[in-house]
Each structure stands twice: as C-alpha cells, then as structure tokens.
Amino acid sequence: MNEMTRQRLFGATHAFDSPIVRGFVVGILGLFVLAPVLIVLLRRAGKVDVKHYDELMKRYRSWLVLATIMIVPVLLGAAWTILGVGLLSILCYREYARATGLFRERLMSLLVAVGILAVTFSVLDHWYELFMALFPLTVGTIAAVAILDDRPRGYIQRVALAVLAFVLFGACLGHLGYFANDPQFRPILFWLIVSVEMNDVFAYLTGKAFGRRKLAPRTSPNKTVGGAIGALVLTTVLAAFVGHFVFKGEVLDRPSRLIELGVIISICGQLGDLLISSIKRDLDIKDMGILFPGHGGWLDRFDSLILVAPAVFHFVGYFRGIGLDEPARILTGGY
Amino acid sequence: MRHWRLEPAHDLGLALSERMRSERRESGFIETAAHLAWWAAVGGYLKTIHRLRVEGREHLPEDGPFVLVSNHQSHLDALVLASQLPWRLRVRTYPIAAADTFFESPLKSAFAAAAINALPMSRGRAGVHALQTLRDRLANERCIYILFPEGTRSRDGLMGPFKPGVGMFLAGTSVPAVPCHLIGTFEALAPRRHVPRPVRITLRIGKPMTFEQMANLREGWAQIAERLERAVRGLAELDS
C-alpha cells in the first residue's frame, strides 16, 4: 500500500483539502444553526401550531443525528466510508428481513449477510472484478443452497426474497462505498448525498405548495405529481450547479452531462423511495423501523440512495472513470 | 398463481426494551447466535462440573411443539432441561419465566431474552391475554416450552403441588407434555445460595402425554395439572 492510498483510506487530516468539502460542511452546519431559529420564529409568529412545532423539532433532531452519521465517516477517510456503507447495508437488510419474515430462513439470511460483507471487502480492496463477480456468484449461491433443505414448498419465495435483498443492499448500495476508491471521493460523495437528500426535501416542499394530483396513491398516498416535477427541476439545477465545481475541467463538466446527472439523481431517488414504499404496502406496515423519530428506520431514510448509487456510479464511470489511477487490490495484492 | 405468505416479525415496531419483554419476541440472527453460544457453554459446564446424567432421552419427541414439565428447585433447572435438546430445536426452545422476576429491569430482560431465550408470563389480569398469545404461538411455530407448574422454586427440596396454569397451555390440543424430574439441582444451587456446588445432577425424562379430550376450562386445567404432577412424582419414585 503506497502513501497516497494510505492517506485516502485513513488520512483524516486531508478532510478539508478541497474547497468544495469546506463549502459543504460550512453550508450544512449553517443550515443546522438556522433551522431551529427559523422553526422557533415560525412558532412565535403563530404560523405553526404546537403539534406541528413538536413534529418539526423531532425531525430536526433526527436530521442532526443522521447528518453526523453521513458526514463524519466521509471526513475521516475512505476506509471508514466503505465500512460505514457496509454497516448501513447490513442494518437495512436486517430491517428488510424482519419486515418480510426472511429472517426466519436463517440460512438464506446468512448468505445475504455474507454476500454484503464480501462486497464490502471487495470495495475496501479496490478489486473491481470481484465486486462485479459477486453479483452472479452470490445470487447463484443463494439459489443453489436453498435446494439443500429439500423443501420445494416456498422455494421461489425464499430465494426471491433473498436475491432481492442482495440486489438492493449488497449490489446496489455497495456502489455508494465504491466511490470512496476515487481520490476525489469526498466532494463526489458530499455532492451525491446532499443532492439525494435535497431531492426528498424538494419533493416534500413543492408537493405541499403545488401538489394536487396524486403520483401513485396506492403506493404512497402523500406523493404528488407536482412534488415529483418540482423535485426533478430543483434537484437537477442544484446537482448540475454543484456538479460543475465537483467535476471542474473534467469530461463531465459540460451542461448537458451535468443536467443528465441531475435528472438521473432525481428520478432514481424518487423511484428508490417508491420501491421501499411498495414493499411496505405489500406487507401492510407503515415504517421499516422506529429508530429515527419522524423518519422511521434506516431503510425509510436511506431508500432514495439505493437506486441512485449504481446509476450515478456507472454514468460517472463511463465518461470519467472512478479511481482508475488508484492502485487496485490493495489488500489481496495483484498477480 | 398462488399468493406468497409474507409474515413480518411478530414484534415489529416495538422499541428494543419493549421487544425484550414481549411474549411475541422473535430472535434475529445475532440473538440466535447468542442463544446457541450460551447453550453450548451451559451444556459444557453441566457435563464437566455437575457430571450431568440423562435417563429416558428416547422419550423426547423428534420435533416441536411440545412442553417440558418439571419439578423446580433451582435456577439451574431450566438450563439443564434446555441444554439437553438437539441443536435444531434449541432455537425454538423457550423457558417460560415470571415477568415480574426475570423481566423487571432492562438488564435482567436483556439477559433473559438474549441468552436464555425466556418468554415472560405475567401474573393477574395482563396474564390472560399473554397466555393466549403463548398458547397460539406454541402450536403455530412448533415451539418447545419449559414450564415449572409449581410456580416457584421449592425452598426445602420437596416438590410442591402443581398449579392448574399448566393446563391452559395443553387442554384440548394435541401438543404433548413431557414430564421430567430433576435430582441434585437443589443440592447444587438451592434458592438462597449464590454459588453452585459441584454436585451430580440427574435428569429423568418420562413418556409424553397429550390432553386432546380435556376441556379448555377450569376443571380440565386442574385435571391436567394433577395428572402431570402424578407423572413427575412417579419418575421421582423410580429411585426408591
């Protein structure tokens, strides 16, 4: 492992080297100072009632915890970011398994967990071939091992539930960690995460302001067409504008590419949200967890990242490449 | 196309502390690993320190549901009974413990839930609903329950009368009850002792009994308790 790689993995002292990272951190801190002041002022002016005020404060406190969880590992270094994403994937899987009942199939659960851990290892190792190979290998293993029980009744259900779990939390979410193999991972990840989270906020706000027609009333009764379009426009503007600084002077730094990126983030973010909503509707449950008051569980909060991560990863990878100049297989060594 | 049967965890949406104390609690991956590690350690301890001897192992049913019913004289009792079941049954084995003793504080609940895999039995009014949940769960999930119908540990080493509560789990069902008798656990760890003595423990397992014809009413419960008490006393008398 050379010095550059070591710095990427563990070099917390370089956290604020990029002006974009400094900008993001100052901006986010500013928001967290301003938000409670704004909420209190709204309450004083009588614009929100007590119930709404408590709800807003509850959400604010949850956001404080969530933002810390998302920001700190990225600042600390690539290794912590990758391990953080691995842990997030496991926690999301746990909620999914308990909600769908897949946790009762202990062997299937073990395979999904091992698959997620293997993905995390391949990302940490910067071994792209293994990272890609793990998709067919894990899915194939799940389908094959499920035969061993000699219990054909319910075979399709338990294999399909396990495969979907690995696809969403291992393969898709794993891409989020792989960004950390790029030397520019801090600005890229901040840009991506802020765009995705703001996409949710934009959808909520524009939905409140302009939303009349329901988007998918049976899947998610509170989402409106107005909110979806509002989020698409505002997120695209935000992601393209900030993306211009993140990818400055690179092949992606063209208006058309940046707008395409913004559109991908907004659409995939909203679809990820609806995907988890569909799972919840199918199971007749409201939230996947009760961890974050006002938000739900891990999966309720991070659902929009699931589809964004691979889509943006491969878009950026196709035009620009991710971590191409970084040494590969830093733990296992090459041939 | 046949519809899938999707069944969320029965304790979904409960906070951790509530989950621990819920009779609907279902163990996930980490808890199951904790139970198995705990039972492995307990099994090793009983074999080496107490030279545990088991008689009548062939009477144990192949699979759940069934209820192990035994005399009660020590905290070691449930450990002896659960540790003698095969691995594949242990994940579905639940000692039924008094909610007001074993689940009164968060620390105790965490130990009872994570290590022993105990399920709480509330006394009084709250107990009626909880008992129905436990009764349904026994059959639906093919569980193995460990019950001590005396209701409390014997203070003098002599077996007390069985309370009818045990009948509420069994009346009118095809779930077998397996009478068991424990010898030596009182000498090893009597109620007032804190450190166990390395005394030999013997577990005697009797023939399973079912109470399908018994009415799920007060008289039925009392009769079941009486018959089980007689069966356990019968096992005790094999010595003399």
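This is a predicted model: local features need pLDDT of at least 70, side-chain atom pairs count only at pLDDT 80 or more; totals for chains, interfaces and linings use all residues.
Figure 1. B:L14 touches B:R19 and B:S22, leaving aside residues up to four places away in sequence. The residue sits in the segment before α1 (16-20) of chain B. B:L14 has 16 other C-beta atoms within 10 Å. A buried residue would need 20 or more, and an exposed one 12 or fewer, so B:L14 is partly exposed. B:G220 lies 206 residues away from B:L14 along the chain. The C-alpha atoms of this pair are separated by 35 Å.

**Figure 2. Strand β2 of chain B and its burial.** The strand covers residues 66-70 of chain B. Of its 5 residues, 5 are buried, so β2(B) is largely enclosed by the rest of the structure. Both faces of the strand are covered. B:F66, B:L68 and B:S70 are buried on one side. B:V67 and B:V69 are buried on the other.

**Figure 3. Parallel partners of β2(B).** Strand β5 of chain B spans residues 144-147 and pairs with β2(B) in the parallel sense. The two strands share 4 bridges. Within β5(B), B:Y145 is the bridge partner of B:V67. Strand β6 of chain B, residues 177-183, also pairs with β2(B). This pairing is parallel too, over 4 bridges. Here B:V69 has B:P179 of β6(B) as its bridge partner. Both B:V67 and B:V69 belong to one buried side of β2(B).

**Figure 4. Packing of helices α4 and α7 in chain A.** Helix α4 covers residues 78-100, and helix α7 covers residues 155-178. Their axes are 9 Å apart and meet at an angle of about 160°. That angle makes α4(A) roughly antiparallel to α7(A), because angles over 145 degrees count as such. The crossing of the two helices is right-handed.

**Figure 5. Residues between α4(A) and α7(A).** From α4(A), the contact includes A:T81, A:I82, A:V85, A:G86 and A:L88. Further along α4(A), it takes in A:S89, A:C92, A:Y93, A:Y96, A:A97 and A:T100. The α7(A) side consists of A:L161, A:A165, A:F169, A:G170, A:L173, A:G174, A:L176 and A:G177. By class, the contact of α4(A) with α7(A) has 12 nonpolar and 7 polar residues.

**Figure 6. Contact of chain A with chain B.** Chain B gives 11 residues to the contact, and chain A gives 13. The side of chain B that touches chain A has 7 nonpolar residues. The rest of that side is 3 polar and 1 charged.

Terms used: Residues are numbered from 1 along each chain as its sequence is written. Chains are lettered from A and ligands numbered from 1 in the order in which they are written. Axes are lines fitted to C-alpha atoms, for helices over the stretch in contact, and angles run from 0 to 180 degrees between N-to-C directions. Angles under 35 degrees count as roughly parallel, over 145 as roughly antiparallel, 65 to 115 as roughly perpendicular and the rest as oblique. A crossing is left-handed if the near helix is turned anticlockwise from the far one by less than a right angle, and right-handed if clockwise. Two residues are in contact if their C-beta atoms, placed from the backbone, lie within 7 Å. Ala, Val, Leu, Ile, Met, Phe, Trp, Tyr, Cys and Pro count as nonpolar, Asp, Glu, Lys and Arg as charged, and the others, Gly among them, as polar. Two strands pair if DSSP finds at least two bridges between them.
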